[in-house]
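Thanks for making the time this morning.

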Amino acid sequence: MLKTLISRLGQGVVVIFFLISITFVLVRLMPGDPLTDEKAVPEHVIEKNRAYYKLDQPKVVQFGYYLGNIAQGDLGPSMSKEGRQVLEIIEYSFPASLILGTTGMLIALCIGIPAGILSALRKNSWIDFGTMVFAMIGISIPSFVIGPLLASGIASKVPFLKVAGWGDPLDWLLPAITLGLATAAYIARITRGGMLETLNQDYIRTARAKGLRESTVVLKHALRGGIIPAIAYIGPAFAALVSGSFIIETIFQVPGLGQHFINGALARDYNLIQGVVILFGILIVLANLLADLALAAINPRLRNQS
Amino acid sequence: MSTSHSLYQDAWLRLRRNSMAIVSLGILTVIFLLCFALPFIGSIGTPENSGFEHWFKDPNHQDLNKTFLPASAEHWLGTDQSGRDIFARLLYGGQISLLVGLVATSFSLIIGISYGSIAGYVGGRTDALMMRFVDILYGLPFLVLVILFSLLISEYMESLTTLLRDDWGWNAGFVTRFTNLIPLFVAIGSLGWLTMARMARAQTLNIKKQEYVEAAVSLGLSHRQILTRHILPNMMGPIIVYATLTVPGFILFEASLSYLGLGVSSPNSSWGILLKDGANYMETAPQLLIIPSVLFSITLFALNFLGDGLRDALDPKAAKD
């Protein structure tokens, strides 16, 4: 187990290294320059800045400096927001993105898993059909349509909900629902498929024949196997929710990382782009790792493999 | 040859029994014809003599005296905030959205199938190395990379535009429209092939062990012949199904990028841009948001249902229940 963990972490480091290299090359291939602006900046100022950000050095040297700084936990100064460190920007705005992603995931789980179990148990009934049509709607309607609809439909009628803003935990609710709905739909479909598979197994028949209560059979025996595909999906989905919530952040004016990333990309802020990409890369690696660990904990067959 | 023929005939029979999938197919056909045929008919000839000018207005024609008009015989779905005809904008935007879905899917099909089937067919260390590379790409933040990638390509598109327009004498409007789209196609397609490659590899590994491939080997067929004549045709079922399900994904993706202001840009428009514009006027003119979202959702709905139906038809073993 420990060996697997260490080798997986090693793999993760390789992935992150590749990610850093790819992004490093990609941003420098982009035409345009982080230091030139629409405003005319005097030549000597640009030269000074270029030296400050080490952009006057050869690319290989820049890469070496960058890797060295990362090893010390320093993501460098932002090139478009003067006087601010990339790490500072991330520390300041990432919590909102993380909270939004986590709440969205929780909502997706709370809706998706019960819906999936229910429609598997009542296969081909109207509950099943209704859930699956609802899931299809959740997958087909983009978040930037659901978001404004929820904002205007619910927030204007319920007094304690606001259309936009990020003050107290109640403000998390609408953006998180918007974010989590599509994921909830996927989880419902996956859970249904997994449950249908396990409900047909012999050991479920045995459990029923022993006279166990239906709730024990479903929740203790069938769910354990049936939830596996959903858990395998949750890891990557969580990372996608946290790193892909730009749109929701725009709709509901959440002060998250998304805006900074887009502005950084447009302003060619090399350090900011790289910092955000590395952060998301680490997040994806960790989420996949956690999902695998959870799978191994649930499914003994996976524990002794690899 | 006759066996593969009957496989698709079988699939068609199974698909025809699935009423949801057939209805979806019909709806998609109508939407396709509307988006691609009608603007074409409308643009034939000059407005004075074609007789079709009422069918399809110029989607970029602004008239600030006619903003937010309700639906009428003149403007079938009314006009938007700049007095443009919503119906025309809807079809014009649909062209882009559908094109993005189809072209990006074709890109990822071509890359994914070649990559995956070669990895699976060659096997051994090459396979391991190629799939590790896919694993690494899987670990990258997709949205973020597509944004970077499309920004990168779009900057180089300017030189392509001047080349085609000034040196080769292509139609300026067409060139701008066309070069505007390439970054998006390439960015989405070149990063969206990963799952396709994994599927193609798994299929190839499976088929490689079949007797008919052994027979082909003993008959002395070349690797290329075995791959193109035996392995590729036999793995198309699941691949087609997956491709159908990625089309709505890519359409949605383009819409999200356009919503963020990073997708297609003027003079192009897409459903994503219409939805974005509509959301801005949600309070004063909700039809601007409602009309495109209804059409958009119906299209995605139909594509998803068709994909599900195709899965049940082409791949009975993987059917949901």
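Predicted model: local features only at pLDDT ≥ 70, side-chain atom pairs only at ≥ 80, totals over all residues.

Let me begin with Asn124(A), which is exposed because 9 other C-beta atoms lie within 10 Å, and a residue counts as exposed at 12 or fewer. Asn124(A) sits in the loop between helix H4 (86–121) and H5 of chain A, and its phi is near 65 degrees, a positive value in a residue other than glycine.

Arg268(A) lies in the loop between H12 and H13 of chain A. Is Arg268(A) buried or exposed? With 20 C-beta neighbours inside 10 Å, Arg268(A) counts as buried, since the cut-off for that class is 20 or more.

Even so, H4(A) bends by about 40 degrees at Ser93(A), and a proline, Pro95(A), follows within four residues.

Now to the chain as a whole. Chain A has 14 helices and zero strands, and its C-alpha trace spans about 85 × 55 × 30 Å along the principal axes. Of the 306 residues of chain A, 39% count as buried, and among the contacts in chain A with a separation of 6 or more, 76% are accounted for by residues 24 or more positions apart.

How is chain A divided into domains? The assignment gives domain 1 (1–76 + 256–306) and domain 2 (94–253), and the C-alpha centres of these two domains of chain A lie 31 Å apart. The contact between them takes 17 residues from domain 1 of chain A and 19 residues from domain 2 of chain A. On the domain 1 side, H12 and H13 of chain A each supply at least two residues, with the largest share, 11 residues, coming from H13(A). By class, that side of domain 1 has 12 nonpolar, five polar and no charged residues.

Let me turn to the partner. Chain B has 12 helices and zero strands, and buried residues make up 41% of its 321 residues. For chain B, residues 24 or more positions apart account for 67% of the contacts with a separation of 6 or more.

Finally, where the two chains meet, 35 residues of chain A are in contact with 28 residues of chain B. Which helices of chain A each supply at least two residues of the side that touches chain B? They are helix H1 (2–29), helix H5 (126–140), helix H6 (143–155), helix H7 (173–199), helix H11 (246–251), helix H12 (257–266) and helix H13 (270–298). By class, this side of chain A has 26 nonpolar, eight polar and one charged residues. If you follow H12 and H13 of chain A on the screen, you will find them listed both on the side of domain 1 that touches domain 2 and on the side of chain A that touches chain B.

Conventions: Residues numbered from 1 in each chain as written. Chains lettered and ligands numbered in written order. Contact = placed C-beta atoms within 7 Å. Nonpolar A, V, L, I, M, F, W, Y, C, P; charged D, E, K, R; others polar. Bend = angle between axes of the 7 residues up to and from the residue. Domains from an automatic or database assignment.
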